[in-house]
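Trainee: I would like to learn how to read helices, strands and pockets in a protein model. Could we go through them one at a time?

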Amino acid sequence: MTATDIAKPQIITGKAKLAGVLGWPVAHSRSPVLHNYWLRRYEVDGAYVPLPVEPDAFVAAVLGLQAAGFRGANVTIPHKEAAFKIADVLDHSAQRAGAVNTLVFEDDGKIHGYSTDGAGFVASMESAGFNLPEQAQVLLLGAGGAARSVAAALQDCGLRVAVTNRTQGRAEELAKALPGLDVVPWNMWEDRLGAYSLLVNTTSLGMEGGPDAAFRPSLAHAAKELVVADIVYVPRVTPLLAEAQSAGLRTLGGLGMLLHQARLGFQKWYGVNPEVDAATEAFVQESF
């Protein structure tokens, strides 16, 4: 996409196809930047908007968007499990993940739910050249909707996955949902890092405006080949990634996952299968 293409006015008529992203908070989201970039690039009559919605208002908001003619919405923290419950039809990806990050409002009035986080994360790893051998060990921080989606996708790739969470019960519930998943106590995971090839933060810890923006655990016991990934992408370099880089470890930020997980929703809502390429990444990077 050239500078001239980017400067083109967005096409929005009375027939515009509408979608957005539901979250609390949602100001950090770069999804509007990404989707509106694709809308201009492919000359689609449509718009994509941020939708800050408190948890108690989630159901009313989704039904309101559907009634207003929206095509669907992305769902981010903390609504992914609520989105799973509101969907009338769950794709296999959502059933496996136990959470939904993409809602599609079909013409028959039914709400279809998908989970693209896991596939998006795997695609971002492959794009960055991180190809772990089968049976490599992975540790996930967090036990929410994103954690389950990422864990399921990594298990499907033949990796051995463990999870740790501040609330032990949540981690144990996730392990029951995904057979083969190990649980590591939160107060012990830093000491056990030497056993893992990949560490993934799937929580909002370290996110700008999140509950603990300064989250920066010790990586002193990490193996030198450890890859440290964070699905948070605001800031681009989270405190966890900064700590990993200072320790000489390889890192993977959350922007790639954002780009790759977004493709299915865009295709469903707007009828175009967008390309994730260097131009797309560069444009979104400029929004930080």
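This is a predicted model: local features need pLDDT of at least 70, side-chain atom pairs count only at pLDDT 80 or more; totals for chains, interfaces and linings use all residues.

Trainee: Let us begin with helix α11, where I would like to know which residues are buried.

Mentor: The general idea is that an α-helix has 3.6 residues a turn, so residues three or four places apart point the same way. In α11, which spans residues 278-285, the buried residues include Thr 280, Phe 283 and Val 284. These residues lie on the same side of α11, because they cover an arc of only 95° around the axis.

Trainee: How many of the residues in helix α2 are buried?

Mentor: Helix α2, made of residues 31-41, is mostly covered, since nine of its eleven residues are buried. Among them are Leu 34, Tyr 37, Trp 38 and Leu 39, together with Ser 31 and Arg 40. Just after α2 comes Glu 43, which takes a positive phi of about 55°.

Trainee: Now for the strands: which residues lie on each side of strand β11?

Mentor: In a regular strand the side chains alternate between the two faces of the sheet. In β11, residues 227-230, Val 227 and Ala 229 are on one side while Val 228 and Asp 230 are on the other, and all are buried, so that both faces are covered.

Trainee: Which strands does β11 pair with, and in what sense?

Mentor: Strand β10 (residues 198-201) runs parallel to β11 and is joined to it by four bridges, with Leu 198 having Val 227 as its bridge partner. Strand β12 (residues 250-252) also pairs with β11 in the parallel sense, over three bridges, and here Ala 229 is partnered by Leu 252. From β11 the chain passes through helix α9 (residues 239-246) to reach β12, and this β-α-β crossover is right-handed.

Trainee: Finally, how many residues line the largest pocket?

Mentor: Rolling a probe the size of a water molecule over the atoms shows where empty space is left. The largest pocket holds about 430 Å³ of space and is lined by 19 residues, with Ala 143, Gly 144, Asn 165, Arg 170 and Thr 203 nearest its centre. The elements giving two or more residues to this lining are α4 and α7 (145-156).

Terms used
Residues are numbered from 1 along each chain as its sequence is written. Side-chain values use heavy atoms; hydrogens and water are left out. Buried means under 20% relative accessible area, exposed over 50%, partly exposed in between (1.4 Å probe, protein chains only). The arc is that of the directions from the helix axis to the C-beta atoms. Two strands pair if DSSP finds at least two bridges between them. A crossover is right-handed if, with the strands pointing away from the viewer, the path from the first strand over the helix to the second runs clockwise. On a 1 Å grid over the protein atoms alone, a cavity is a set of points where a 1.4 Å probe fits but cannot get out, and a pocket is an open set with protein on both sides within 12 Å along at least five of seven lines; lining residues have an atom within 4 Å of a point. Grid points are joined across faces, edges and corners, and a volume is the space filled by probe spheres set on the points.
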